[in-house]
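Biologist: I'm new to this one, and I'd like to understand the words you use for it. Could you show it to me and then take my questions one at a time?

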Amino acid sequence: MRKGHTLLTRIRRPEYAVARRSISDAETRDSVLAHLKVICETRAGTSLACPDFGTATVSEMIHSFPDAIQEMARSIRMTIQNYEPRLVNVKITHVPAPDLTLRYEISAFLVTDGSKVPVQFETSLDETRKITVR
């Protein structure tokens, strides 16, 4: 882009616009992973602008075990479906752990430039309530 060309100039005269660099699937996946971390680390109801953004907390479901395992999976899936449009066909699977960690596998398709790439992530909540997404 040449100096002095404003946004309106570039809209009116597309030849002044600079082509964007293409983003790799790996960069898109890393961006989605960063957003999933925000989603999973945010407690539902804490965002004034989007009260349903985030996931339920285990302490809210403690009295409904073992149903809480599936409730948490639903909470994660619904939030991803609502707030991460780059992922489609989201499936959340509980992965039993030998310790007190609550672990889920997130399987989905990452939509990039019209194609769908299968991706997997894992989220876990340990006994100290530390959430990890990778």
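Modeller: Gladly! Let's start with Arg129, which sits in the loop between E3 and strand E4 (131-133). Strands (E, at least two residues) are DSSP runs, numbered from the N terminus. This is a predicted model, where local features need pLDDT of at least 70 and side-chain atom pairs count only at pLDDT 80 or more, while totals for chains, interfaces and linings use all residues. Residues are numbered from 1 along each chain as its sequence is written, and side-chain values use heavy atoms, leaving out hydrogens and water.

Biologist: Why is Arg129 called exposed?

Modeller: Exposed means over 50% relative accessible area, buried under 20%, and partly exposed in between (1.4 Å probe, protein chains only). Arg129 has 59%, so it counts as exposed.

Biologist: And what makes Ser124 buried?

Modeller: Its relative accessibility is 8%, which is under 20%, so Ser124 is buried. Ser124 is part of strand E3 (residues 115-125). Setting aside neighbours within four places in sequence, its contacts (heavy atoms within 4.5 Å) include Thr101, Lys130 and Thr132.

Biologist: Why does Thr112 count as buried?

Modeller: Thr112, in strand E2 (residues 102-112), has a relative accessibility of 7%, again under 20%, so it is buried.

Notes
Helix = DSSP H or I, 4+ residues; strand = E, 2+ residues; numbered from the N terminus.
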